[in-house]
Amino acid sequence: MRHYVTVGILVIVVTILTYAGLYSVDLLPVAASLQAGSINDVGSIDWLWNWELVVMCFLFSLIAVPMFYSFVVFRRRKGDTSDGEHMEGNTNLEIAWTVLPLILVFAFAYMGAYSLGDIRRMDLDAMSIKVRAQQFTWTFEYPEYGFFSNELHLPVDQQVVLKMTSTDVIHSFWVPEFRIKQDVVPGRITEYIVTPTLIGPYEVRCAELCGTSHYNMENAVIVESRANFDIWVAEQVAIAAAAAQTPEGQGQLLAVKNGCSGCHSVDGTRLTGPTWFGIYGADVELADGRTIVVDDAFIIESILDPKAKEVAGFSPTSMPTYATVLTEEEIANIIAYIKTLR
Ligand SMILES: [Cu+2]
């Protein structure tokens, strides 16, 4: 009996210490959405996570404490060469360790369903944004305003519904600070409901291994005040309207719409693909050691058949072909745009 009491007390103490230790190291990044909530916010993700953490700490202690206690207290004494005591099963123990976990599993199933119902609830005034995932970038369309962007700007405290689809393989939309994660599947539209509550820059990353540059599938997510969001929207609308007037402007819009600018910067920064800044007319080194001048023919070939000539230092499997996506005129417009980048 004395052993049971000691082990019981030790299990409780170790549970508390493990929980306190894990809690103090901030396992989760800052919570930036209504759905993330907080540990006191019944139904939120952080509330659910916190209870799971408590149970994990308890189960860890329940296994580790009796084990280490037995190592020390029931160890073999010097000179003791007798056999261990023979034991048959213990029915009460077996019933207990079947029924208690079952109750716990049901409790968490209920909590999980409750939380899911809570975070999937959609407001009537939710703003809708279309998301397209592709290897290896994200494109966002604001149908209300009629423009595309490779950055996701969101007004704070406004619920948004992301209507997401993929043009190639399965991806997964994940902003750790929002907590929610949702698969993005070709041929299907999945919804991601979130209400950002904290102004700041975040990043969406892909959480489904989707190919060689999966690790690099990150785009900026910017939560800002309603006023700043409106300014940004007005800017984007003006840029799109002005750009539509000229071939190079249309090329710029196409580059955003088709995800090119998620991989090709226009200011010299290296992203998944080579920058477009100053490339037209310049020499590029190919992976096979040849050097080639970037002209119309090379750009067209790169768009239609990206694997034909690989640029040195980049993965040729990163860029999808656009052979069935872009028309000749659209490609000409993109080339006109690339020519202006110097
Ligand atoms: Cu992906």
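Predicted model: local features only at pLDDT ≥ 70, side-chain atom pairs only at ≥ 80, totals over all residues.
Student: OK, how many helices and strands does the chain have?

Tutor: The chain has eight helices and 12 strands, where helices (H or I, at least four residues) and strands (E, at least two) are DSSP runs numbered from the N terminus.

Student: And what is the radius of gyration of the chain?

Tutor: The chain has 28 Å, whereas a compact globule of 342 residues would have a radius of gyration near 20 Å. The radius of gyration is taken over C-alpha atoms, and the globule rule is 2.2 Å times the number of residues to the power 0.38. Taken along the principal axes, the box that the C-alpha atoms fill is roughly 90 × 55 × 35 Å.

Student: Let's go to the sheets. What is the strand order in the one with β1?

Tutor: That open sheet has five strands in the order β3-β2-β1-β5-β8, with mixed pairing, and two strands count as paired if DSSP finds at least two bridges between them. β3 (147–149) and β8 (190–194) stand at the edges with a single partner strand each, so one side of each is left without a neighbour in the sheet. On average, and with direction ignored, neighbouring strands of this sheet are turned by 25° against each other; axes are lines fitted to C-alpha atoms, for helices over the stretch in contact, and angles run from 0 to 180 degrees between N-to-C directions.

Student: How do β1 and β2 pair, parallel or antiparallel?

Tutor: Strand β1 (residues 127–134) and strand β2 (residues 137–142) pair in the antiparallel sense over five bridges, and Gln-134 stands opposite Thr-137 in β2. A hairpin of two residues joins β1 to β2.

Student: Which peptide bond is cis there?

Tutor: The cis peptide bond joins Gln-135 and Phe-136, with omega about 0°, and Phe-136 lies in the loop between β1 and β2.

Student: What joins β2 to β3, then?

Tutor: Three bridges join these strands, which run antiparallel, and Glu-141 has Phe-148 in β3 as its bridge partner. β2 and β3 also form a hairpin with four residues between them, and Gly-146 in the turn has a positive phi of about 75°.

Student: How do α4 and α5 cross?

Tutor: The axes of α4 and helix α5 (residues 247–257) come within 7 Å and cross at roughly 135°. The two helices are therefore oblique to each other; angles under 35 degrees count as roughly parallel, over 145 as roughly antiparallel, 65 to 115 as roughly perpendicular and the rest as oblique.

Student: Which residues meet there?

Tutor: Ala-240, Ala-242 and Ala-243 in α4 meet Gly-249, Gln-250, Gln-252 and Leu-253 in α5, where contact needs C-beta atoms, placed from the backbone, to lie within 7 Å.

Student: And what about α7 and α8?

Tutor: The axes of helix α7 (residues 296–304) and helix α8 (residues 328–340) come within 11 Å and cross at roughly 125°, which makes α7 oblique to α8. In this contact, Asp-296, Ile-299, Ile-300 and Ile-303 in α7 meet Ile-331, Ile-335 and Ile-338 in α8.

How values were computed. Residues numbered from 1 in each chain as written. Contact = placed C-beta atoms within 7 Å.
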